Amino acid sequence: MISWDILGAWLSAAMVVWIYSFAYRDNLFYKLAEHMFVGAAAGYSIALALDSLNRVMIKPAITTPETFWTTSWHYVVPAILGVLMFAKYSRKYYWLARYAVAVNIAVGTGLALRTVPIANITRQITATIVPLWGSDPVTVLNNWLLVLITIGALTYFLFTIFPRRAEGARPSPLYYVYRTLYYIGIYGMMVGFGALFANTIMTRVGFLISIYLIYLQPQYWATIVAAILAAIAILLPLIRKK
Amino acid sequence: MSLVIRKYIPQLIVSVIIVLSVTFYYIYINDSIAKGFSTADKALSDWAVIVTSFALIVGGVDILRFHLTKIRREGIRQAPFSTVTIALLIIMVVLATIGWYYSYADPKAGITITTQPQFRWLYSNLYAPADSAMYSILVFYIASASYRAFRVRNPPALLLLVTAVIVMLGNTTIGGLIWPGFLGLRDWIMTVPNTAAFRPITIGAGLGTIILGLRLLTWREISWMGRRD
């Protein structure tokens, strides 16, 4: 007797194998899996949107109507704006959708302008102001590296003001300082990018292993059947071409 | 319609909300104004959630329209695939709506939009594995990218390779078996040079965000309005 669990496991394994088959070549089963994924993802997004609407607006309006119509009546405005977003399909009234987008853009930008100056700029600068002298040589060395690499990388991104070397003339001391910091910045960023790249590889490989353990290994027959189907879908067009 | 309601009023809405939102966050006048701002701020966040929800629904309708047009244009070659997409989209939405209905009709059953059993089955057995596979398929491309990135052409490239190898060995158990110091070295790389190298990039991204905000505020950034009038 085939249960829904087994059917689900077969479907999972088939989806994974068919999507991975694209790594070799585009094929019929990859296209099928891709279209299934897009349909499910779009449906899932709409379901999440309905869930949000339900939580924020519809449920309070149905379960506690008195409170809703006295304190939260203004939620009708974004709901109307949201409906107006469908006006984008009209050639004549497409501009009505802009009102809803304007609210979203403004709220997002307002939030960003409140948090970014502190989180991205002030805190980063204060975190770089560290003691450069002290009793512990390891901490002192680390602090020097931290400051020099930060200033160096900032120097690397300084495109507007930098000391130039005049033709034939001896470079100024400021020029040497700038060049030194510039190279420290490059080397520091190379270390950062190396670490970032290594972490990216590790994350993807970790994902691959977990996918194998969760979806492919438990129903290995499903994996084998899906792989054979994908192989046929890849090979058939090649044989036909020959 | 005049340019004012088509273009200038939406831009004015953006500017007014940004100015009020930032001003009252930084400037304290008195308790009642601060409280009023806090309430209005929460309401505006909810407004954004409601509008975003509608935007997601519009996105779903876009996909539906796109595939219907594709079927009409490309015919039988594309029809099976687009039909699968449309069918799954509709099935997911219908199942979510059934869950929604039961959340009111029979609240004790504990069924909601996202916990409807068939919806969950499709999510767990179709969407989740496909999503993970789509994300991890990049590992195959990263393999070839690594070959190109890790070729030692100059001293900075050597540094990139050495750092990546140390971090990878520090992240795995085999690294600890080869030399226990890899773990400490990886931690040092992540806390000192890595933090320092990404700090200016974070500062740059922050400055970029502020500049984008100022451009929106001063009506210089108008790409969000879509087609030109």
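In this predicted model, the domain assignment of chain B gives two parts, domain 1 covering 3–136 and domain 2 covering 140–191. The C-alpha centres of domain 1 of chain B and domain 2 of chain B are separated by 40 Å.

**The two chains**

Chain B is built from nine helices and has zero strands, so that its pattern, read along the sequence, is α-α-α-α-α-α-α-α-α. Because the radius of gyration of chain B is 26 Å, well over the 17 Å that the globule rule gives for 229 residues, chain B is more spread out than a compact globule. Chain A has eight helices and zero strands, and reading along its sequence gives the pattern α-α-α-α-α-α-α-α. For chain A the radius of gyration is 29 Å, whereas a compact globule of 242 residues would have a value near 18 Å.

| Chain | Extent of the C-alpha atoms along the principal axes |
|---|---|
| Chain A | roughly 80 × 70 × 45 Å |
| Chain B | about 65 × 60 × 50 Å |

**The interface between chain B and chain A**

How many residues does each chain bring to the contact? Chain B contributes 116 residues and chain A contributes 114 residues. The area buried between chain B and chain A is about 10,700 Å², and carbon and sulfur atoms give 78% of that area. Within chain B, the residues that lose the most area to chain A are B:Trp47, B:Phe81 and B:Arg199, which together make up 7% of what that side buries.

Polar links are found across this interface too, with 26 residue pairs in polar contact, both residues of each pair being at pLDDT 80 or more. Which elements of chain B give two or more residues to the side that touches chain A? They are helix 1 (3–26), helix 2 (31–74), helix 3 (79–105), helix 4 (117–136), helix 5 (138–149), helix 6 (155–171), helix 8 (181–191) and helix 9 (193–217) of chain B. Helix 2 of chain B gives the most to this side, with 24 residues. Sorted by class, the side of chain B that touches chain A holds 80 nonpolar, 25 polar and 11 charged residues.

As for charged pairs, the rule finds two salt bridges across the interface of chain B and chain A. In a salt bridge between A:Arg114 and B:Asp41, the side chains of the two residues meet at 2.9 Å, N to O.

Key
Residues numbered from 1 in each chain as written. Chains lettered and ligands numbered in written order. Heavy atoms only, no water. Domains from an automatic or database assignment. Contact = heavy atoms within 4.5 Å. Buried area = accessible area lost by both parts, 1.4 Å probe. Salt bridge = Lys/Arg side-chain N within 4 Å of Asp/Glu carboxyl O. Polar contact = N/O pair within 3.5 Å; in protein donor to acceptor, adjacent residues only side chain to side chain. Helix = DSSP H or I, 4+ residues; strand = E, 2+ residues; numbered from the N terminus. Nonpolar A, V, L, I, M, F, W, Y, C, P; charged D, E, K, R; others polar. Rg over C-alpha atoms; globule rule 2.2 N^0.38 Å.
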